[in-house]
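Thanks for asking me to look this one over. Here is the model, with my notes below it.

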Amino acid sequence: MVMALLRTVGRIGIDAILPPRCGGCGAITETTHAVCADCWAGLRFISAPQCACCGYPFELDDSANINGNEQPDGQVLCGNCLQKKPDFDLARAALVYDDHSRDYLLRFKHADRTDLTPLLARWLYQCGKGIWDQADLIVPVPLHRRRLLHRRYNQSGLLAARLSKMTGIPWDGLVLGRKRNTRSLGGLGPSSRKREVGGAFAIDDTRAQLCGLDGGRVVLIDDVLTTGATANACARALKQSGVMHVSVITVARVVR
Ligand SMILES: [Zn+2]
Ligand SMILES: [Zn+2]
């Protein structure tokens, strides 16, 4: 009780010295870990209608094109998922990947702006509504140890840890590893991406047993979903270890 009071007083004190700032432009905001109204207006959050599987957002004028894609269970799939279901079961992204969301992610990944973690995690939490209730474990897409040494932190690991705190679901940053240091996928087409990350991920068996991976439902966390090649390669590795269901939640996704 006394500690809680001291913490509150402490927080008020800190807020008075350092007022909360917008995660986008740095303008002073009323609440912590938020964005100002201008920055908010620039973000494109993804909402229904979207592909029941990969979460691809359908523009309203697309509705004519997807009419034939309805499955017997009433779910509507995008053309890609209709052609070939991905290795993951479900993917959802908070934002469309554009200049605005890219700016947040670049700062978060490469500019040591780890203070953006609570803001981005909140967006992930909201877009994963309905997924958290049934999940057993949160797993971040791993960095190769060489890249981790260079960057000093795995941005997806920070998000996974934060989401674990918010949801009460355990997370593990070691069960899924990158055995090969893949080159940057930027600028590569879908088939090159697939080739580059295929077989790049591996499960630590001891860790898998500790986590109870077998038969479990995993939420995979990454920053961006582009072609889904990385998410697919991770999902394949997880499923080979007995994972039953893989949901992928990313901050943003490319929409073409
Ligand atoms: Zn702002
Ligand atoms: Zn789809």
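Predicted model: local features only at pLDDT ≥ 70, side-chain atom pairs only at ≥ 80, totals over all residues.

1. Residues are numbered from 1 along each chain as its sequence is written, chains are lettered from A and ligands numbered from 1 in the order in which they are written, and side-chain values use heavy atoms, with hydrogens and water left out.

2. The zinc ion (ligand 1) has Cys22, Cys25, Cys36 and Cys39 as its protein donors, each through SG and lying 2.3 Å from it. (Donors are N, O and S atoms within 2.8 Å of the metal, or 3.2 Å for Na, K and Ca; water is not among the atoms, so sites may look incomplete.) Their spacing along the chain is C-x2-C-x10-C-x2-C.

3. The zinc ion (ligand 2) is held by the SG atoms of Cys51, Cys54, Cys78 and Cys81 as protein donors, at 2.3 to 2.4 Å. Here the spacing reads C-x2-C-x23-C-x2-C. With angles of 107 to 113° among its 4 donor atoms, this arrangement is tetrahedral.

4. The chain is divided into domain 1 (1-42) and domain 2 (52-61 + 76-183 + 192-253), with bounds from an automatic or database domain assignment. Their C-alpha centres lie 28 Å apart.

5. Between them the domains bury about 680 Å², 51% of it on carbon and sulfur atoms; buried area is the accessible area (1.4 Å probe) that two parts lose on being put together, summed over both. Gly23, His33 and Gly42 supply 63% of the area that domain 1 buries against domain 2.

Technical notes
Tetrahedral: all angles 85-135°; square planar, octahedral: opposite > 155°, others 65-115°.
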